[in-house]
Amino acid sequence: MHSVVVPAEPYTFEFDPATTALLVIDMQRDFVYPGGFGEALGNDTSLLLRAVPPTERVLNAARAVGLFVIHTREGHRPDLSDCPPSKIARGKLKSGIGDPGPMGRILVRGEYGHDIVDELKPGPGEPVVDKPGKGAFYATDLDRILQTRGIKSLIVAGVTAEVCVHTTVREANDRGYECLVLSDCIASYFPEFYEAAINMIKAQGGIFGWVGTSEAFLEALHAAGLLQRTAEPTLV
Ligand code: TIU
């Protein structure tokens, strides 16, 4: 059964809410705020914040219509026993994985910076998958969780577009999941990589999946009769 139809590229994305999950990738303070891993890598983190408000709208809508919601976090055990030495060494960073920072030890589980931003805080019954790598399927039980729920399609949001989002969408695609990536709900430190990441997903007939907007996704939920329209605050 396909009851929701979303205008998307390269063509319409159709999904059954019963077999679809919203996957929110690595919306962690360590990436979107200064003082974390993203800034330690030399990036301007402000570019990532623009994905938070649309993702919050999508998350609220997903909860309202009963979509399964899963969050991921990139990070490591406090003793870094699950972190490849190559990952720690990469970049020759002055301050890197495991080092203390203003939001706690960088990319370490249990630290303030490692956790998900307040706006997108996981709710009850929403699994949080902690992953040591860029892809959310690598060395995690994400596939098991999705299979157990009978999930076939993924609505994807998160950061960063060309790193953890792309790696995860590629992994998901190879496992047979159909992915709709919401373009305004993903972000990159590099505008040119953001564009390329989106283009690479939808090119060649949707070689990795589909690309749509949060607005199109929300409108599709309305059109399917799953989501009530709420009065938007009017400007006076
Ligand atoms: N550096 C960068 O763009 N991303 C990451 O290191 N991890 C994620 O994308 N989550």
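How far is an oxygen atom of the ligand from a polar backbone atom of C164? The distance is 3.2 Å, and it counts as a polar contact (a pair of N or O atoms within 3.5 Å).

## Basis of the model

This is a predicted model, in which local features need pLDDT of at least 70 and side-chain atom pairs count only at pLDDT 80 or more, while totals for chains, interfaces and linings use all residues. Residues are numbered from 1 along each chain as its sequence is written, and side-chain values use heavy atoms, with hydrogens and water left out.

## The ligand site

The residues around the ligand (a heavy atom within 4 Å of it) are D26, F31, F37, L41, E74, K134, V159, T160, V163, C164 and Y189. By class, this shell holds 7 nonpolar, 1 polar and 3 charged residues. Here Ala, Val, Leu, Ile, Met, Phe, Trp, Tyr, Cys and Pro are nonpolar, Asp, Glu, Lys and Arg are charged, and the others, Gly among them, are polar.

A polar side-chain atom of E74 is 2.8 Å from a ligand nitrogen atom, and an N or O atom in the side chain of T160 is 2.8 Å from a ligand oxygen atom. The ligand taken alone exposes 280 Å², of which the protein buries 93%; the areas come from the Shrake-Rupley method with a 1.4 Å probe.

## The sheet

An open sheet is formed by 6 strands in the order β5-β4-β3-β6-β7-β8, with parallel pairing. Strands (E, at least two residues) and helices (H or I, at least four) are DSSP runs numbered from the N terminus, and two strands pair if DSSP finds at least two bridges between them. Because β5 (128-131) and β8 (210-212) each have a single partner strand, one side of each edge strand has no neighbour in the sheet. From one strand to the next, the twist averages 25°.

R73 has D130 in β5 as its bridge partner.

## Helices on the sheet

Helix α6 (residues 142-149) lies across β3 (20-25), β4, β5 and β6 (153-159), and runs at about 180° to β4. Helix α7 (residues 161-174) also packs on the sheet, touching β3, β4, β5, β6 and β7 (178-187), and its direction makes about 165° with that of β6. Contact means heavy atoms within 4.5 Å; axes are lines fitted to C-alpha atoms, for helices over the stretch in contact, and angles run from 0 to 180 degrees between N-to-C directions.

## Loops and backbone geometry

Most residues other than glycine have a negative phi, and most peptide bonds are trans. T160, in the loop between β6 and α7, is joined to V159 by a cis peptide bond with omega about -10°. Another cis bond runs from E9 to P10, with omega near 5°; P10 is in the loop between β1 (4-6) and β2 (13-15). L107, in the loop between α5 (85-89) and β5, has a positive phi near 60°.

T140 sits in the loop between β5 and α6. Leaving out residues up to four places away in sequence, T140 touches V129, D130, K131 and P132. The T140 side chain reaches the backbone oxygen of A136 at 2.5 Å.

Conventions
Polar contact = N/O pair within 3.5 Å; in protein donor to acceptor, adjacent residues only side chain to side chain.
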